[in-house]
Structures are given as structure tokens and as C-alpha cells.
Amino acid sequence: MNENEALVSNNGKYRFYLQETGNIVVKENSRTAWSSSTANISIYEAPYRITFSPLGELILRDKNNYIVWQILNPLSINNYSDIPNNKKFKLIMSDEGELYIEDEKKLIYLHSLKEVKKIRKDEYNRISEDKYFTPFDRLISIDGSGEFIYLSNRNGLEFKHGSSPLIRSIAIENNNLYIDNKMVINNNKDLEIIYDSTFDKLVANNNTHENIWEAYGEKKLFDINNYMKTTYKLFNNEPVYSLSLNEKGDIVLNDNKYILHKEYFTSDDYYYLYAHSDNVILRSSTGEYKWALNKIISNRPYDANEIKIGESFKEGEMIYCGDYSMIILNGKLLYRDHKSKTSTEIKYSPNKSGYLYEIEIGINDINFKDKENNSLNHISSSNQSFNSKLYCDKNTRSIVWKISNTIKWRYPEINSNNGDLQDKKYILLCSKYYNKCLYAANRIGSNVRYADYSKTLKNFKWYFEIINKKSYLKSAINEDICLIVDNDKIITGKCSENMDKARISYNEPKNYIEYFNSSNKQYKCISGIDDRNNRNSRQYLTLANCNKKDEKMIWEIKTPN
């Protein structure tokens with residue numbers, strides 16, 4: 001087809017032709033019903049021509065045979081059969097203004113180029129859409145993206161992702177909604193059908209803007225009743241008959257009778273639930289992932305309490321620690337206290353500032369990156385370990401990066417300036433049995449022992465410090481040196497790196513120094529050894545079951561001279 005030649009419908013109302021500018025149009029009498037928007041593109045030269053290939057494709061070429069515009073025949077995609085010898089195609093301009101490609105069996109392959117339907121009459125009362133959504137119709141998304149769904153007589157209702165082959169027609173008549181001539185909604189006034197490409201869904205609503213019916217491109221339906229029976233035990237096996245999202249961000253069931261998810265921090269401006277693959281996800285106006293039906297977002301649970309190598313920690317995602325969390329939002333790293341409902345920005349970089357988008361955990365480093373993948377801060381370790389991870393240290397209500405059993409980064413930092421810490425009150429811990437006092441060597445990792453007291457040495461002085469209602473025994477040598485228990489050895493170690501090993505308290509009525517093992521939730525007492533076969537036994541300590549009759553585990557508190 002050359003310039004100014006036309007394919008005309010039998011009733012003479014519609015013409016498909018190529019203009020001298022290189023623009024292809026469908027005319028309804030004198031009105032332009034459709035255009036390819038290819039007029040006067042500078043890199044192409046006239047004259048132009050349209051070719052109809054043996055594969056059933058429409059191709060617009062310029063003077064130099066360059067392709068300006070093309071419509072592929074879906075039949076030819078990933079099809080290795082001999083199409084030209086097996087199929088005979090025709091290009092047809094119908095009396096309804098539809099341009100389509102038809103084969104010898106009357107099967108239609110080309111998306112119609114007819115005008116896109118809209119929802120209602122315009123201000124001049126001209127009907128730009130009717131009440132029927134039938135093959136070759138498109139419906140433009142309400143989000144302004146220009147994306148659309150299409151009703152194909154071959155694949156049914158075609159979404160951006162996937163299709164519903166069983167849906168062949170949608171109609172609104174007498175306040176009823178019909179799908180394939182079957183009534184789906186009965187007697188609902190002011191029904192309308194809209195498409196939202198953001199969630200790839202087709203929605204039927206009414207003048208109250210209540211979504212009455214929805215169809216999704218990639219939504220996989222799940223049995224909510226079966227899910228609730230296996231995940232939540234409802235009273236008397238009560239079926240789930242309603243699920244709603246309230247303005248506080250809570251997901252509630254059965255008219256607010258049960259809570260599926262409760263907002264754990266402060267309420268945001270709004271929330272939205274949407275389907276993605278085989279998951280249902282709740283997000284808020286800030287972009288935060290609040291909840292997911294099968295727990296997983298990206299490549300890890302939305303409420304993970306640790307991030308390992310290769311796991312995602314990007315904007316909108318968090319580390320969830322129960323009554324506190326750390327999250328990346330609006331380019332900032334935030335520490336949130338769920339009890340006090342407060343949020344504190346974390347200064348993760350001493351020198352640089354920028355829009356934080358992602359935190360990456362490596363085998364020997366942690367990297368804070370912006371959207372362009374540039375590093376805002378990089379912390380590395382000489383050690384390498386595949387157990388490198390960022391995790392919740394609930395003993396101190398902090399977030400910790402740990403590698404090879406060494407803590408390299410923590411927020412909040414644990415130090416004596418923390419408002420949660422008590423003032424230092426130095427004490428001696430002395431044994432009547434040995435007539436000696438606890439002594440901490442200057443070198444970290446050395447055994448804590450007992451020795452004759454010397455008032456000139458800080459090594460004998462200790463103080464108990466309460467952090468988040470947990471007790472730790474610290475040395476006067478350095479505020480970050482604690483008495484810790486490592487594989488039943490009583491040694492000194494960095495408090496900030498060994499909070500779980502340093503749970504030491506004093507049982508005042510019994511004069512025990514007690515160690516709490518967080519793994520088995522048991523207390524043991526620090527005791528002398530007195531092993532004749534061990535020449536060091538009269539200096540070093542061990543853990544033992546608490547026994548008030550054993551004088552080797554009785555330690556009295558004294559005030560330094």
C-alpha cells in the first residue's frame with residue numbers, strides 16, 4: 001500500500017490509509033479514529049509504503065527500506081513452523097471500524113486499531129464508550145501510564161501480565177454486571193469498569209467507589225479459609241467471610257472479630273493491599289512493606305530478624321526485632337522504638353551524606369549504597385566469613401553486624417554515655433574461702449582470677465551496669481571490658497561484642513555471682529576450682545550449679561579503699 005492509498009470498509013464509513021507524512025490513520029468519515037503517530041520523523045525519508053508480509057505482519061517502511069512502524073502477528077512469536085505455507089492471511093477493515101488480520105479459518109490475530117473505549121458520556125453528551133467490552137476492545141489504565149488491557153478472541157482478557165482465557169465478554173445492563181453472559185453483580189447502580197495498571201487489575205465499582213468485583217493479571221487465588229485454619233485457629237472452626245483493611249493499617253477478619261495483622265508502629269497516611277504472583281502484600285504510603293501473606297518479599301521474609309549475605313535490604317524493607325526495628329525509608333536509615341513510637345535517624349557514615357537506598361552484606365564487609373550503586377559508607381574486616389550477618393541483638397535492643405564472632409558495627413552503640421546505663425559504683429568481689437578478690441588482667445581474653453587485693457590497681461575494681469533491664473559486670477580498666485563466659489571459661493572480653501556472653505548478675509541474699517545462659521535460659525554460679533590435678537586451679541574460675549553450701553562460690557561485695 002503506497003501513500004494516499006486506502007483499505008475501505010464495505011459500508012464506506014471507515015478508511016485505513018497512509019499519509020504522505022508517514023502517518024497511518026483510520027478515518028471514520030472525516031474524523032480521525034486512530035493514528036500511528038509516525039508523522040514527519042526526521043530520521044526517515046519519504047516516500048513511505050505499507051507492506052503486508054506472508055507472516056501476517058503490517059510493516060511501514062521508508063524510502064531506504066527502513067522499518068518505521070510494525071505490528072507483529074502473535075502467531076509468529078516463538079513459532080518455528082512453516083507459517084507462509086500453512087496460513088493465508090487477509091487484512092480487513094470492518095464495518096465497525098476494526099482493522100484486523102484474519103486467516104483462512106476466520107481466526108483473528110491482530111489487536112484491533114479501533115478507538116479506545118472510555119467510561120461515560122462526555123460533557124457534550126457524546127457517547128465515547130458503550131456498555132459492552134467485547135473482542136478487540138481496549139481499556140486504558142486510569143493511572144495515566146497509557147497501558148491497557150485488551151479483549152482478544154484468541155486469549156480472552158489480556159492483562160499486562162498473563163491473561164484470563166475464559167473471559168470473552170463483559171457487559172453492564174440494567175444495573176447488572178455480566179461476564180460471558182452470566183450475571184456476576186446484581187442490581188447495583190452506577191456500575192463502571194476501570195483498569196489500574198499499577199496493580200494490573202480490572203475493577204467494577206459503583207458511585208460509592210467501592211470495589212465490588214476485581215480481576216487480576218498475575219493474581220493467584222488462595223483459599224483464605226484453608227489458610228486461616230492452618231495458620232490461625234478460629235473459634236469453632238469459624239469460616240472467614242470478610243477480610244478488610246482499616247485506616248490504622250490493621251487487617252481484620254469477620255467484621256473486626258479477628259486481627260490478621262496489626263500495625264506495630266505509628267499509623268501512616270494510607271495503606272494498600274495488592275496481589276503479586278502467589279503473594280498478597282501490604283504496604284503503606286511511605287513505601288514500607290508491612291506484611292505479606294506468605295512472609296516473603298524480594299528474597300527474604302518481610303519481618304526477618306537478620307540479613308545474611310545475598311539477602312535484600314533495600315528501601316522500604318526492615319529488620320524486625322519485635323519491639324524495635326531498623327528500616328530504610330526516604331533515603332534515611334531509621335531506628336524505631338515500637339513501644340515509645342519514636343524514630344531516630346542513624347548516622348551510618350561519618351563523612352558522606354546521600355540518599356541511602358540499600359545495605360549490602362558481604363563476606364568481610366557491609367556497604368551502604370545510594371540508588372546509583374555508589375558507596376556512602378563501607379566498613380570492612382580483615383576476617384572473612386560466610387556467616388557474616390546483620391541481626392537483632394535483643395539483649396541490648398540494638399542492630400549488630402557480626403563477622404567471625406566479632407561485632408564490627410552496632411546501633412545504638414553501648415557505652416557509658418547511654419542514658420539507659422546507671423552511674424558507675426566501683427566494688428570489690430571477694431571470697432572469704434580464698435581471702436582474695438576477683439582480678440581482671442589487662443589483656444582481653446585472659447582468664448579472670450582471684451588474687452591478693454591491691455588498692456593501687458584498677459584490675460580489682462568492678463561495677464555492675466544495667467542495660468535494658470539486663471545486668472553486666474564491667475571492669476574499671478575499661479568501660480568496654482566485661483567478665484564473660486566463653487565455652488565455660490571465665491575470661492575478659494569486649495562488652496559490645498559479647499553481650500549474650502556477659503549476662504552477669506549478683507544475687508545479694510546468697511552472695512552468688514550468677515551467669516545467665518540465654519540459649520538454655522538457665523543460671524549458673526561462678527566458683528573457684530580447687531582441682532589438685534590442675535596447678536592453676538587456685539587462681540582460675542569455673543561455672544557450677546549454684547549451691548549455698550559451697551563456699552567457693554560465695555563472693556562478698558566490698559568497697560574499695
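Visitor: Before anything else, what does pLDDT stand for here, as a confidence in each residue?
Guide: pLDDT is the predictor's confidence in each residue, from 0 to 100. This is a predicted model, in which local features need pLDDT of at least 70 and side-chain atom pairs count only at pLDDT 80 or more, while totals for chains, interfaces and linings use all residues. Residues are numbered from 1 along each chain as its sequence is written, and side-chain values use heavy atoms, with hydrogens and water left out.

Visitor: OK, what is the mean pLDDT of the chain?
Guide: The mean is 81, and 84% of the residues reach 70 or more. Over residues 111-129, however, the pLDDT is below 50, although this stretch has 41 contacts (heavy atoms within 4.5 Å) in the model beyond near neighbours in sequence. Residues 415-423 also have pLDDT below 50, with 15 such contacts. Where pLDDT is low, the predicted coordinates should not be read in detail.

Visitor: And how many helices and strands are there in the chain?
Guide: The chain has two helices and 51 strands, where helices (H or I, at least four residues) and strands (E, at least two) are DSSP runs numbered from the N terminus.

Visitor: Which strands form the open sheet with β40 in it?
Guide: Four strands do, in the order β42-β41-β40-β51, and the pairing is antiparallel; two strands pair if DSSP finds at least two bridges between them. Because β42 (449-451) and β51 (556-558) each have a single partner strand, they stand at the edges, and one side of each is left without a neighbour in the sheet.

Visitor: What stands opposite Cys430?
Guide: Cys430 stands opposite Cys437 in β41, and the two strands concerned, β40 (residues 428-431) and β41 (residues 436-439), pair in the antiparallel sense over two bridges.

Visitor: Switching to β11, what order do the strands of its sheet follow?
Guide: That open sheet has four strands in the order β11-β12-β13-β14, again with antiparallel pairing, and its edge strands are β11 (138-140) and β14 (163-164), each of which pairs on one side only. Within this sheet, Leu157 stands opposite Ser164 in β14.

Visitor: Where does the hairpin of β22 and β23 have a positive phi?
Guide: The positive phi, of about 50°, belongs to Asn254 in the turn, and four residues lie between the two strands. Three bridges join β22 (residues 251-253) to β23 (residues 258-261), which run antiparallel, and Ile251 stands opposite His261 in β23.

Visitor: Last one: what share of the chain counts as buried?
Guide: Of the 561 residues, 47% count as buried, meaning under 20% relative accessible area with a 1.4 Å probe, protein chains only.

How values were computed:
Buried < 20%, exposed > 50% of the residue type's maximum accessible area, 1.4 Å probe, protein only.
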